[in-house]
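Me: Hi! I've got a structure open and I'd like to talk through it with someone. Can you help me find my way around?

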Amino acid sequence: QTLTPNTTTKIPDITVMETVCDGEEPEVVTQACLLSEFSEKGEARALINSLPDIHHDPVSREATIEKFVVIMDRYQEQPHLLDPHLEWMLNILLEMIRNEKSPPLMVHLCFKFLYIISKVRGYKIFMQLFPHEVSDVLPVLDLLCRQDPKDTETWETRYILLLWLSMTCLIPFDLSRLDGHLSTDPGLNRESIMDRILAVAKSFLRVSDKSRDAASVLVSKFVTRPDVKLKRLGDFLDWCLTTISQTSEITMEGTVTLDGALQSLAQLFKHGKRDDFLQYAPTVLQCLNQKRIAESNQATLRKLGVKVVQRLGLTFLKPRLAKWRYQRGSRSLAVNLAQSSVTGSVEATKTDLESVSQEEDYDIPEDVENIIEQLLVGLKDKETIVRWSSAKGIGRVTGRLPKQLADEVVESVLECFSFQETDNAWHGGCLAFAELGRRGLLLPSRLSDVVPLIIRALTYDEKRGACSLGSNVRDAACYVCWAFARAYEPSELKPYVNQIASALVIATVFDRNITCRKAASVNILSPQGTFPHGIDIVTAADYFTVGNVNNCYLTISVYIAGFEEYTKPLIDHLVHMKVNHWDGVIRELATKALHNLTAQAPEYMANTVLPQLLPMATGMDLHRRHGAILACAEITHALYEIATQKNRLHPTKQQNRDPVIAFLHPDLVFSCLFFSVCGLIEKLSLSKMPFKDDPVISESTKPLYISLMGVFLGVHVLLAIYCLFTSICCHTDQLVSQYLSALMSPEVLTRCGCALALGSLPPFMIRGKLQKVRLHNVSSAQVSRRDAATAMSQVCVAVGVCAQGSPDRVLCEGNIRPVYEALLGCMNDYSMDSRGDVGAWVRAAAMSSLMDVTLLVVASAPELLSSDLVQRMMCCLVQQAAEKIDRYRAHAGTVFLRLLHSTDPAVPHIPHREELLSIFPPETGNSLNWNAASQAFPHITQLLRLHQYQYHTLLGLTVSVGGLTESTVRYSSQSLFEYLKGIQQDATVLQQFGDTLLCIFRDNLRNDRVSVPLLKMVDQILANGCFELFTSEESHPFCVELLALCKEEIKKSKDVQKLLSCVAVFCGMVQFKGDVRQKVLVQLLMLLCHPFPVIRKTTASQVYEMFLTYDDVIDDEQVLADVMASLSDTNCDIATVRTHRNQLCDWLGLPRPILVTKVTHLGN
């Protein structure tokens, strides 16, 4: 497929496993994003050219930088595409920098753009494009000297200038020529160019920003110049060593200084000639040894110390290529292709590994031993960057050693793989072996020692507390496999390829870490076609497929186990490494994988694996015991399924009888292993183990009954109950009676567990006892209502429906109404405790149970459903669908639509079915998101126009409109006001809405869950003028009754929120004319003297705003001015407020409230 520039190519996903199983060749599943050229060059040029226009505007400047960063970051993985365009971008920016008219801010902005480019392309490539003529030296140096090293906003400028100065230092002329008459004119007290550059470099080696890195590059380029090294090399090295010796790493400033000095030493010994630095190497090594950089607390310093040490080692050793190294043919593709047809050509390209030239025999300095020892210690460092640098150093130094000494180094690296060592040593050892293998320094004769260790490293996992260590070791082991596959001929790896292949496949499908699984998957085809079934495996377990751990364990592993070479290794790994894994999720996945793999080797599972698991299931290790019990259960069930398919009973059934009894020991029950025991009971029951009338049954019922005490209650227990009693068909009467009696237990968890257990019993155990079971579930007030509601529907579904059946055996005409009454009663459970609305659990369970029972009845005997039951059920669902909790609103809406849209057959007697279907058409079931208030409430409020749903809809909307959640309040109130706006001109409908509102208020008087939100909703309705039609009639009945209900609601109340809400309602009711207005004003003036200061203050403020809003309340302007002045100046102190209140009563023509004296009646 041809890729257009900068396009993302995605090949359609297919199921690889299906195509493989069908015998077809699977397509490649991949997603690639390839860029063919720098297509944004026009946009990049425009952004660079716009710098003179936007540099002064901070907003435009930041936006331009952000756009340029986004463009450049696209090429992080393909930076070479920028190469043809680097020069023109650099020239444009340098031209702006060199322009004398460019302000400093613009110059810094240009350097920031240069840094962005260098970051993407890499400074080593980018710095080569800087102009480096003789005429550039002084301007760059002068500009760099003018920079402020402490300015945190312009560090990019200093960084780029240091790189530029590094290039200008490469001019092939003696720098003294640039000094002019400096040396001949004693009157001129100026520094030489050489001294200035050294001073600048030293100063920037002490800064804390990235300029320090560029300064070390400058040092490596400048000090190694022929003229500079003659005069300044020794002095500069003395300065570095002095700095290292005298600087303490305790302070941040000291750490930065040490970092700069070590960086400069590493760069110097890397780029300098060996003959120039050999004489200084012992002194530098001695200084580092005395400083003990390897013991520093700073990982960066330890890494730089390792870099310097390895460079010192390369300086001590002659720069020659070891003739004894392993060479894999020619590195030229043309030569390899030409030789591929010649027999024995591969052997011809190898050198004789046993012959060592006499020229290699030269004296190795004693310091090299110290250096190698430090590098080996670095392999065990606690930081990855230090171990990685040490591994590279081991590879570089070993490449210059004689064969015998190199073999000693390999022997030392092998010691890192002792189980007394930490995971850091294992990781460092893997990195070192990868480096040695890549460089041909690990001879094939050593593979027999190394490969077993790498295979162990591929499964290295060490538990530490609540987690484990070793993912980095396994990842590094995959890197070793990658390196070996490219370093050795297939014939060299052939003796080990099966071991490596099995280990890599195991890591690919069973490693807990996704990074390790992907690293292992890319190695499957590495050994040049020698990997057994490599093409098939890598197709099924590619880089992207192994990202899902469940898919790896349960699907890919089954496919790979189909190849005989991998079947037993996969099973053995699960049994020995994953069944006892510290992570419970991995243990459960491993047992499920064993279930799936049983079909590949049933005899091996029955005769080998199960005997290994049974002792583990009774051991002391809890993790091992838990996994082994689950594994036994899964394998036993899988063997039963296989035997059923082959129409024969598997012989392992009778063999496993005694260990099963051991699993059910009471001590085992009271532990974290309990769920695994229930899982075992479930699987053994499903496998129809021959335990009927056996003592093991009594043992197996103990943990199940104990579980119902609540401690271990879960789905595992309920499944075990159902499966066990379905299979044994005995002890039923005793167990049902036991569970029924436990429903009256004083322990809450026991009641919950036994209720759910009754719901989980198979039908034959309930028939004949249905009335007793149902009555216990319904009438016992102590049973958890949530679990009782769930269990009730389960019992009904289990026994079935028969219209004329016996009430003690099936759901029929004689017992259906009590069932619905109980579930509908649960719909009104609004219990609250410290956890919040715990009644919502009961309501959710009741909604699910109502749906299950209704659909069951409709499918068998719809005539059992009366119209009043269906109406009450649908109204309750509508109320829940209008309430404020998103989760339960969505659940109610889903159940409501499920019943409404049920057509096979339809639920009878649904009120206003046609209108409901017009509001909620069938396609709404999939498109409507009930969790989103913005989508749910516009549909719900339409039910207000349906008379039979109006009360419950408005009741649900009340708690939403008057709630606390901003989004719920906003969208519910908007939808409500849209409805009210549409009925403003219809007095009858508006009167009906008002009556419904008053009815809700009346029914929920003193019920704070409803009354407080209702007052808030009424306040909003009045404020929006929704009852303006009633204001034209004096003392309208609606406002009269509303006032009476509000007075009754706040009578003797000390609830501040309720009082404040009622004050707001009173202020809104002033718009009604007649006696109601006078009574409302009296109530407000009484609240001005409320004992609570917050009530007095808020009332005064709202009454002030009320008079501003409703200017027709007071006709006399002078009185209005006096009232407003009094309200604004009123002191809320209770001692003086009554005087102001009485004055307001006189101005408004209202009777002064009289303080009622409490009368105490004394007994005789």
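This is a predicted model: local features need pLDDT of at least 70, side-chain atom pairs count only at pLDDT 80 or more; totals for chains, interfaces and linings use all residues.

Me: How do the lining residues divide into nonpolar, polar and charged?

Reply: The lining of this pocket has nine nonpolar, six polar and 11 charged residues.

Me: Let's switch to helix pairs. How do the axes of H13 and H16 cross?

Reply: They cross at roughly 25° and come within 9 Å. An angle under 35 degrees counts as roughly parallel, so H13 and H16 are roughly parallel to each other. The crossing in which H13 passes H16 is left-handed.

Me: Which residues meet there?

Reply: On the H13 side you'll find Thr-255, Leu-258, Asp-259, Leu-262, Gln-263, Leu-265, Ala-266, Phe-269 and Lys-270. Their partners in H16 are Thr-300, Leu-301, Leu-304, Gly-305, Lys-307, Val-308, Arg-311, Leu-312 and Thr-315. By class, this contact of H13 with H16 has nine nonpolar, five polar and four charged residues.

Me: Nice. What about H9 and H11, at what angle do they cross?

Reply: Their axes cross at roughly 10° and come within 8 Å. H9 and H11 are therefore roughly parallel to each other. From H9, the residues are Trp-155, Arg-158, Tyr-159, Leu-162, Leu-163, Leu-165 and Ser-166, and they meet Ser-211, Ala-214, Ala-215, Val-217, Leu-218 and Lys-221 in H11. That contact of H9 with H11 has nine nonpolar, two polar and two charged residues.

Me: One more pair: at what angle do H21 and H22 pack?

Reply: Helix H21 (residues 403–414) and helix H22 (residues 423–438) pack at about 150°, and their axes are 9 Å apart. Angles over 145 degrees count as roughly antiparallel, which means H21 is roughly antiparallel to H22. H21 passes H22 in a left-handed crossing.

Me: And which residues make that contact?

Reply: H21 brings Val-410, Val-413 and Leu-414, while H22 brings Gly-429, Ala-432, Phe-433 and Leu-436. The contact of H21 with H22 has six nonpolar residues, one polar and no charged.

Technical notes: Residues are numbered from 1 along each chain as its sequence is written. Side-chain values use heavy atoms; hydrogens and water are left out. Ala, Val, Leu, Ile, Met, Phe, Trp, Tyr, Cys and Pro count as nonpolar, Asp, Glu, Lys and Arg as charged, and the others, Gly among them, as polar. Axes are lines fitted to C-alpha atoms, for helices over the stretch in contact, and angles run from 0 to 180 degrees between N-to-C directions. Helices (H or I, at least four residues) and strands (E, at least two) are DSSP runs, numbered from the N terminus. Angles under 35 degrees count as roughly parallel, over 145 as roughly antiparallel, 65 to 115 as roughly perpendicular and the rest as oblique. A crossing is left-handed if the near helix is turned anticlockwise from the far one by less than a right angle, and right-handed if clockwise. Contact means heavy atoms within 4.5 Å.
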